[in-house]
Amino acid sequence: MRRHSVIAGTGSALPVRCVTNAELAQRVDTSDEWIVERTGIRQRHIAGQGETTATLAADAARAAIKASGLAPTDIGLIVLATATPDNTFPATATKVQALLGIPDCIAFDVAAVCSGFLYALGVADSMLRVGAARHALVIGAETMSRILDWEDRSTCVLFGDGAGAVVLSASEAGDGRGILATQLHADGRHGPMLYVDGGPSTTQTVGHLRMQGREVFRHAVTNLSAVMGEVLAEAGLEPGDIDWVVPHQANARIIDATARKLGLPAERIVLTVDRHANTSAASVPLALDEAVRDGRIQRGQLVVLEAMGGGFTWGASLVRM
Ligand code: ACO
């Protein structure tokens, strides 16, 4: 059996503070009704003092390592997806490595915004298959609240903070488990539709998130349904074979429209957007961990992970748990 990668454990972490739509309506001209009807979001977690992308990532990583039965020192590779690093450098992955007490491993960040976790999973899977490490931590972690324009009601109501992680282990077992197919895409022509208006090399500031929501919505439904079809075709499977879809949690309407295009029933979709809002790279591993821990996702089941974000970037991964 050829070497492949298996999800050996999942974990997640959310900031302590939870902010409801009603609280946001006291700051900007919006309402709980508008936010719920257009997005499905009811609340989000917002990082407080002392909570950063690295601390949330380390908490999620500790939970994933515990679930895998391994020790932190077994980890040989950390790939961390984020658009909100603690610092421009060093990579947040190295801060997580230090927080976990791992003396030596490979550690770096991946920047693909909301599809960052899918990109990180693809990179870690490739590295495990060529023998770069035996066990990897793949993390999506964000503090989106720190790049939001809190005066802009069209964006500030949509996002939240959090982290999710998986331990990915190399395996030679012939039990059918593991990552079966991954497809990743980018189309940089659409950069201006969803971007941050600052950065070290342009403005020397951190900047704020800007978005043309309606355009993003349209592209998301088209691209996500297409890429899910691609991973199924690569593995020779049909939508009817899928046990669970764990989608990027940007908007309940995007998730519904994408599922409808593929003829997938709502009961097979894991939804957390109502409680987490859009946590960018953290959203897929946060939702995955929730559904693993509450017993919905079982060992041996077929799961599709999918996401789209700024760039545009998008991707999907088909995993036998
Ligand atoms: N509260 C009240 N009214 C608002 C708010 C708000 N928070 N935000 C915008 N509005 C108003 C607008 O000003 C506009 O008013 P007008 O008609 O008087 O001009 C009206 O609501 C409609 O605005 P639209 O932007 O056309 O509303 P739409 O139905 O497209 O919904 C939304 C906006 C929710 C952003 C939607 O376009 C969307 O979800 N897009 C996808 C964006 C997304 O999820 N991005 C996340 C990152 S990318 C990704 O993860 C896939």
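Colleague: Which domains does the lining of the largest pocket draw on?

Modeller: Keep in mind that this is a predicted model. The lining of the largest pocket takes at least three residues from each of domain 1 (4–171) and domain 2 (178–320).

Colleague: And what volume does the largest pocket have?

Modeller: About 810 Å³. Its lining is made up of 32 residues, and those nearest the centre are Ala-83, Thr-84, Pro-85, Ile-147 and Val-206. As for elements, β5 (106–110) and β9 (194–196) are the ones that give two or more residues to that lining.

Colleague: Which element has the largest share of the lining there?

Modeller: That's β9, with three residues.

Colleague: How do the lining residues of the largest pocket divide into nonpolar, polar and charged?

Modeller: You get 16 nonpolar, 13 polar and three charged.

Colleague: OK, next one. How much space lies in the second largest pocket?

Modeller: About 660 Å³. It's lined by 26 residues, and Leu-158, Met-211, Gly-213, Phe-217 and Asn-251 are the closest to its centre. The elements giving two or more residues to this lining are α2 (32–39), α6 (153–156), α7 (213–235), α8 (252–262) and β12 (302–309).

Colleague: Which of those gives the most to the lining?

Modeller: α7 does, with six residues. By class, the lining of the second largest pocket has 13 nonpolar, eight polar and five charged residues.

Colleague: Where does the second largest pocket lie relative to domain 1 and domain 2?

Modeller: Between them, because domain 1 (4–171) and domain 2 (178–320) both give residues to its lining.

Colleague: Switching to the ligand. Which residues are closest to the ligand?

Modeller: Thr-30, Arg-38, Arg-214, His-248 and Asn-251 are the closest, out of 23 residues that surround the ligand. You've met Asn-251 already, as one of the residues closest to the centre of the second largest pocket.

Colleague: Which residues line the largest cavity?

Modeller: Its lining is Met-228, Val-245, Pro-247, Ile-255, Thr-258, Ala-259, Leu-264, Ile-269 and Glu-306. That divides into seven nonpolar residues, one polar and one charged.

Colleague: Which elements supply at least two residues of that lining?

Modeller: β11 (244–247) and α8 each do. The largest share comes from α8, with three residues. α8 also gives two or more residues to the lining of the second largest pocket.

Colleague: Last topic, backbone. Which peptide bonds are cis?

Modeller: I can point to two. The bond from Phe-89 to Pro-90 is cis, with omega near 5 degrees. Gly-311 and Phe-312 are also joined by a cis peptide bond, with omega about -10 degrees.

Colleague: Where do Pro-90 and Phe-312 sit?

Modeller: Both are in loops. Pro-90 is in the loop between β4 (77–81) and α4 (92–100), while Phe-312 is in the loop between β12 and β13 (313–320).

Colleague: Where does Val-113 lie?

Modeller: In the loop between β5 and α5 (116–129). β5 is one of the elements giving two or more residues to the lining of the largest pocket.

Methods
Residues are numbered from 1 along each chain as its sequence is written. This is a predicted model: local features need pLDDT of at least 70, side-chain atom pairs count only at pLDDT 80 or more; totals for chains, interfaces and linings use all residues. Side-chain values use heavy atoms; hydrogens and water are left out. On a 1 Å grid over the protein atoms alone, a cavity is a set of points where a 1.4 Å probe fits but cannot get out, and a pocket is an open set with protein on both sides within 12 Å along at least five of seven lines; lining residues have an atom within 4 Å of a point. Grid points are joined across faces, edges and corners, and a volume is the space filled by probe spheres set on the points. Helices (H or I, at least four residues) and strands (E, at least two) are DSSP runs, numbered from the N terminus. Ala, Val, Leu, Ile, Met, Phe, Trp, Tyr, Cys and Pro count as nonpolar, Asp, Glu, Lys and Arg as charged, and the others, Gly among them, as polar. Domain bounds come from an automatic or database domain assignment. A residue is near a molecule or strand if one of its heavy atoms lies within 4 Å of it.
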